[in-house]
Amino acid sequence: SFNNDEEEVEEEVKDQVWNAKPRPKLPWKALTLSVTAFLALLVVGGCLQHFSSGPPLTWADSIYMCVVTASTVGFGDFTESTRIDQALSLPWMLLGVAGFAHMGIQFAAFMSVVYARDCMAVNEAAKKQKLQEQLAMIKDDSMDANAFLRLSLLHAGIATEAEIAQIDKLFKTLADSKGKVTKDKLLSGCMVPANQALPCR
């Protein structure tokens, strides 16, 4: 159980510091269903208009009238001439407007995910380039624990170079002749001298 907890913590650290964040999936299904439903409404509305009891309309005029109605443009060049046609068209108008609005919402949601994916790709590329620059500053092919910790903090954006340098300076100020900071010194209230206060994050 303890080993499993350690493995979970290790994987969590890898995900937070080193692994690239998974990109959100494009909501193709929701957009496809919305567009399909709207097209089906256009077909039903076109049939209602084409086979109405009023003046006959061509299929093109029928679909055109449905699109104009569903988009709430309503030019008024085609209108229902009988009470029966008006009664049949009324529920379709409500459904058509709702379907058109829903399709617009789904398209906006789809484009927001596209934008988020693009931003993540740009950030990942910038982060990778910054990591390469940080690795280039390390002379050796390998690094010790302190160097790896420093690089991890920088790569994850937890601390900046200036903040790490300030912490190093503070450690050297508080360390004794053996290069260690005692617990008593930490508990004595002099952990952070006034002139070396770390910035609030």
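This is a predicted model: local features need pLDDT of at least 70, side-chain atom pairs count only at pLDDT 80 or more; totals for chains, interfaces and linings use all residues.
Helices here are DSSP runs of at least four residues, numbered from the N terminus.

**View 1. Val44 and its neighbours form a nonpolar surface patch.** Start at valine 44, which lies in helix H2. Two helices contribute here: H2 (28–50) and H4 (83–136) each supply at least two of the patch residues.

**View 2. Arginine 23 pairs with glutamate 124 in a salt bridge.** Side chains of opposite charge can pair when their charged atoms come close. In this pair, the closest N and O atoms are 3.3 Å apart. The two partners link distant parts of the chain, since 101 residues separate them. Arginine 23 sits in the loop between helix H1 (2–18) and H2, while glutamate 124 belongs to helix H4. The count for the model comes to three salt bridges.

**View 3. Helices H5 and H6 pack against each other.** Two packed helices are described by the angle between their axes and the distance between the axes. For H5 (residues 145–155) and H6 (residues 161–174), the angle is about 145° and the axes are 10 Å apart. Their crossing is right-handed. Look for Arg150, Leu153 and Leu154 on the H5 side, meeting Glu161, Ile164 and Asp168 of H6. Sorted by class, this contact has three nonpolar and three charged residues, with no polar ones.

Terms used. Residues are numbered from 1 along each chain as its sequence is written. Side-chain values use heavy atoms; hydrogens and water are left out. Axes are lines fitted to C-alpha atoms, for helices over the stretch in contact, and angles run from 0 to 180 degrees between N-to-C directions. A crossing is left-handed if the near helix is turned anticlockwise from the far one by less than a right angle, and right-handed if clockwise. Contact means heavy atoms within 4.5 Å. Ala, Val, Leu, Ile, Met, Phe, Trp, Tyr, Cys and Pro count as nonpolar, Asp, Glu, Lys and Arg as charged, and the others, Gly among them, as polar. Patches are made of residues with over 30% relative accessible area and no salt bridge: like charges are joined within 9 Å, nonpolar side chains (Val, Leu, Ile, Met, Phe, Trp, Tyr) within 5 Å. Accessible areas come from the Shrake-Rupley method with a 1.4 Å probe; for residues, only the protein chains shown count as cover. A salt bridge is a side-chain nitrogen of Lys or Arg within 4 Å of a carboxyl oxygen of Asp or Glu.
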